[in-house]
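Please look over the sequence and the structure shown below before reading on.

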Amino acid sequence: MSGNGLSSQAQGVKAVQTEAFPTSRIPVVNVATVPQRSPLRYPGGKTWLIPHIREWLRKTGPEILIEPFAGGAITSLTAVMERLVNAAVMVELDRDVAAFWRSALESGATLQKWIGQFEPTIERLRELERAIPATVTEHGFRTLVLNRTRRGGVLAPGASFSRNGENGRGLLSRWYPKTLATRLAAIQQHADRIAFCEGDGMKLLPLMLGGWGRKAAVFLDPPYTAHGGKRAGSRLYAHSSLDHAALFAMLAETDANFLMTYDAAPEIIDLVREHNFDAVCLSMKNGHHNQMSEIVITSEPLFA
Ligand SMILES: C[S@@+](CC[C@H](N)C(=O)[O-])C[C@H]1O[C@@H](n2cnc3c(N)ncnc32)[C@H](O)[C@@H]1O
């Protein structure tokens with residue numbers, strides 16, 4: 001999946017067989033058991049997938065992880081911090097998200113200081129929303145604050161602030177200054193092994209693969225949603241349209257070691273079959289307790 005707008009909550013839900021592909025032998029995890037390493041809340045975040053990521057990287061042993069659609073970048077952060085790879089390269093097209101990653105990697109200490117000083121009142125948030133950031137760090141801080149205080153973590157234009165939020169705490173319901181500072185400090189500790197590129201993952205991926213070849217593993221979580229069609233996608237991300245058929249064709253032309261995740265939609269199932277990729281299904285409940293199916297697509301058989 002990529003972005004149904006709801007955080008995937010897999011607690012207690014057993015994987016079930018879907019018709020298209022075998023069910024993954026790795027069970028869906030309780031997301032509370034996986035360390036949360038990203039300071040960003042991300043619609044379509046991939047915490048539930050981390051056990052698959054660990055096994056994929058341990059079995060294939062790459063030196064570097066490439067994440068061309070980084071978003072909250074849970075996969076890159078986990079791979080680097082758990083030493084599953086030596087280094088990660090993250091790519092993101094969204095300017096706001098890119099500013100966050102640049103500032104987290106280059107000026108994490110300043111972000112931590114500002115987090116400690118910030119009071120997220122509605123007046124301060126409206127001010128921040130209107131302000132034109134003068135530096136990358138200001139821009140990154142603005143992204144973090146809006147991401148943590150807007151409903152569902154949505155950064156796309158038109159997103160509204162959280163009114164009731166968790167436990168009726170409204171704007172403050174996802175603003176945890178100490179936790180955010182701790183996550184930023186951990187990122188800073190590993191910053192020399194993480195590179196960030198602002199740009200189009202579709203264009204950068206072939207160039208990067210040309211350089212690293214089989215030394216690299218590629219994790220792909222492109223913007224996509226089967227459940228709400230294009231409109232839902234554009235509510236979640238400023239950049240929500242992508243040529244999925246071209247992405248599959250690009251991967252088929254290389255011998256890249258990749259793992260890719262999508263909603264189990266008929267057009268995606270057709271693309272997997274067309275290119276003869278390996279795939280397994282996982283079934284879970286999302287934040288609204290709807291059952292949904294995800295496909296994990298790999299360049300070699302791993303999870304069946
Ligand atoms: C589904 S989200 C990734 C979520 C991420 N896996 C996580 O766990 O947080 C997809 C991301 O791709 C970004 N994106 C969309 N088109 C892109 C492109 N052509 N190149 C790079 N990033 C792109 C979106 O802005 C969004 O942040």
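Two strands are said to pair if DSSP finds at least two bridges between them, and helices (H or I, at least four residues) and strands (E, at least two) are DSSP runs, numbered from the N terminus. This is a predicted model, in which local features need pLDDT of at least 70 and side-chain atom pairs count only at pLDDT 80 or more, while totals for chains, interfaces and linings use all residues. Residues are numbered from 1 along each chain as its sequence is written.

**Strands**
- E1 and E2 pair in the parallel sense over four bridges, and the bridge partner of Ile 64 in E2 is Ala 87.
- From E1 the chain crosses through helix H2 (residues 74-81) to E2, in a β-α-β crossover that is right-handed (clockwise from the first strand over the helix to the second, with the strands pointing away from the viewer).
- E1 also runs parallel to strand E4 (residues 216-220), joined to it by three bridges, and Ile 66 stands opposite Val 218 in E4.
- On strand E1 (residues 64-67), Ile 64 and Ile 66 on one side and Leu 65 and Glu 67 on the other are all buried (20 or more other C-beta atoms within 10 Å of a residue's own, with C-beta atoms placed from the backbone).

**Ligand**
- Of the 24 residues around the ligand (C-beta atom, placed from the backbone, within 6 Å of it), Tyr 42, Phe 69, Gly 71, Gly 72 and Gly 201 come nearest.
- Strand E2 (87-92) and helix H8 (201-212) are the elements that give two or more residues to this shell.

Conventions:
Buried ≥ 20, exposed ≤ 12 C-beta atoms within 10 Å, placed from the backbone.
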